[in-house]
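Please read the following report alongside the sequence and the model, going from each whole chain to its details.

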Amino acid sequence: MRAEPSKSSDGDLLRALARGDQTALAGIYDRYRLILFGLVMRILHDRTEAEDVLQETFLQVWRRAGDFDEARGRAFTWLVTIARSRALDRLRASASRGRVASEAARLPHDEVGDAAEDAVRSEQGKVVREALAELPSEQRRALFLAYFEGLTQTEIAARLGDPLGTVKTRMRSGMIKLRELLHDKLGNSM
Amino acid sequence: MDLMDEHQQNQESLALHALDALDATEARLLEAHLATCAECRAALAEWRDATGLLAHAATPKAPSDELRARILAAARSETRAPETSARVVPMPIAPRRSNLWPNVLRIAAAVAIVGLVIGVIVMWRRDELARREIVRITREKTRAENLLALEREARAKERDAIAMLNSRDTKKMELAGTPTAQNARGTFVFDPKTGHGMLMTEGLPATPADKQYEVWFIPKGHTPMPGKMFTVDKSGRAMVSGEIPLEARLNLVIAITLEPKKGSAVPTSAIYLSSPSS
């Protein structure tokens with residue numbers, strides 16, 4: 001029994017994957033390769049490394065699809081979490097070799113969107129980016145440092161030269177905004 | 001300080017934990033709490049869903065076309081029983097010229113085909129069984145890993161407690177049961193500098209299903225400030241750690257009441273345990 005990739009929900013695809021259906025793996029890959037590759041590129045700034053990480057990510061998805069539990073969170077969250085933590089692991093390994101970190105530091109990190117690229121982005125992504133653009137830039141900055149560079153609250157405070165309490169408040173406000181968005185604009189069906 | 005404040009404090013940690021941004025100790029304390037609190041686990045899952053949205057802040061990019069084939073080939077090479085077996089076992093093809101054969105041979109051929117088909121079914125089922133076994137073992141492994149993680153959290157909590165008990169700055173306070181809970185006793189150790197405290201209880205009555213014990217910090221001349229909620233084991237024991245609000249650190253007085261599960265803004269029940277008030 002095979003899942004029809006283009007019509008199936010993420011949950012259906014992951015269940016088919018857990019049964020060993022390779023069409024479902026291709027389906028999940030086609031659906032999320034752009035956003036996941038964008039994410040790991042943003043973290044690693046290196047195509048070769050990012051492709052390695054994307055491959056590891058999908059192989060982990062293939063092996064562990066049986067662990068995914070729809071009751072515990074969205075499929076998108078599960079996929080993105082795997083990709084992000086693999087990329088951050090790689091980033092920390094390369095940073096300890098002193099390479100990627102300096103490269104990453106030179107690139108502008110606070111950019112929210114590039115009009116030319118918007119065409120390829122999903123509707124959901126658009127809503128999220130618009131909301132992020134509305135956040136005060138220091139809130140966004142703190143969230144991005146945590147999310148894309150894997151820094152802790154203390155590391156972020158040190159990086160920005162702000163008191164820890166301020167940084168925590170900013171991050172929390174930003175997160176509340178994101179969560180409201182999840183409820184109000186996007187619903188829980190995504 | 002009221003119920004909303006306490007709720008928000010909890011949420012602050014959960015939101016930052018969803019970003020993996022808490023410092024190690026804080027993360028460990030929260031993990032220990034999460035291991036025992038389904039409500040916070042559910043809230044964390046929601047925060048993680050929100051965190052996942054941050055992925056959209058990255059510009060989508062296309063990986064090279066070869067990558068798709070590379071990933072699918074790598075997945076294929078990792079044996080996954082049902083699909084592979086269907087491909088490997090060839091379908092038996094019956095010879096066309098069978099009407100020229102003597103009956104015996106025809107029967108023999110039919111028997112052989114039936115045998116092959118049975119063989120295919122048996123092999124397929126065996127693969128299916130093996131696959132289920134693998135799924136079962138994998139599940140068990142995950143379960144064992146989870147147990148191990150819980151165990152580790154418990155050890156870490158104990159280590160924290162011991163470290164605190166050994167610290168020179170640590171103060172210790174004995175809590176006595178009130179007439180409501182005469183057999184209850186408790187010890188509260190805390191570091192007045194960091195505000196980090198740990199409560200150990202004994203002999204508290206069993207927690208009713210719809211209630212939890214709540215810690216109260218009572219600063220001088222102030223209304224009580226709510227602390228952590230907790231439940232006790234069969235012997236009325238519990239170990240709870242948390243931060244003492246800044247306002248309550250001087251002349252600390254603490255009390256324990258039994259409150260509705262979601263917590264109360266002000267104590268609503270009789271006091272079960274309290275420190276000697278000064």
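The report below takes up the two chains, some of their elements, and the contact between them.

## Basis of the model

This is a predicted model, in which local features need pLDDT of at least 70 and side-chain atom pairs count only at pLDDT 80 or more, while totals for chains, interfaces and linings use all residues. Residues are numbered from 1 along each chain as its sequence is written, and chains are lettered from A and ligands numbered from 1 in the order in which they are written.

## Chain A as a whole

The secondary structure of chain A consists of 10 helices and zero strands, where helices (H or I, at least four residues) and strands (E, at least two) are DSSP runs numbered from the N terminus. Of the 190 residues in chain A, 40% are buried, a residue being called buried if 20 or more other C-beta atoms lie within 10 Å of its own, exposed if 12 or fewer do, and partly exposed in between, with C-beta atoms placed from the backbone.

Two residues are in contact if their C-beta atoms, placed from the backbone, lie within 7 Å. Among the contacts in chain A between residues at least 6 apart in sequence, 57% join residues at least 24 apart.

## Two details in chain A

Ala65(A) lies in the loop between H3 and H4 of chain A, and it is buried because 22 other C-beta atoms are found within 10 Å. Leaving aside residues up to four places away in sequence, Ala65(A) touches Leu14(A), Leu17(A) and Ala18(A); Leu17(A) is 48 residues away along the chain, yet the C-alpha atoms of Ala65(A) and Leu17(A) are separated by 6.1 Å.

H8(A) and H10(A) pack at an angle of about 90 degrees, with their axes 8 Å apart; axes are lines fitted to C-alpha atoms, for helices over the stretch in contact, and angles run from 0 to 180 degrees between N-to-C directions. The two helices, H8(A) and H10(A), are therefore roughly perpendicular to each other (angles under 35 degrees count as roughly parallel, over 145 as roughly antiparallel, 65 to 115 as roughly perpendicular and the rest as oblique). Residues making this contact include Leu143(A) and Ala146(A) of H8(A) and Val167(A) and Met171(A) of H10(A).

## Chain B and its strands

Buried residues make up 26% of its 278 residues.

Strand E1 (residues 171-177) of chain B is joined to E2(B) by six bridges in an antiparallel arrangement, with Lys172(B) opposite Val189(B) in E2(B); two strands pair if DSSP finds at least two bridges between them. E2(B) also pairs with strand E3 (residues 196-202) of chain B in the antiparallel sense over six bridges, and here Phe188(B) stands opposite Leu199(B) in E3(B). In a regular strand the side chains alternate between the two faces of the sheet.

## Where the chains meet

The contact between the chains takes 55 residues from chain A and 42 residues from chain B. On the side of chain A that touches chain B, the largest share, 12 residues, comes from H2(A).
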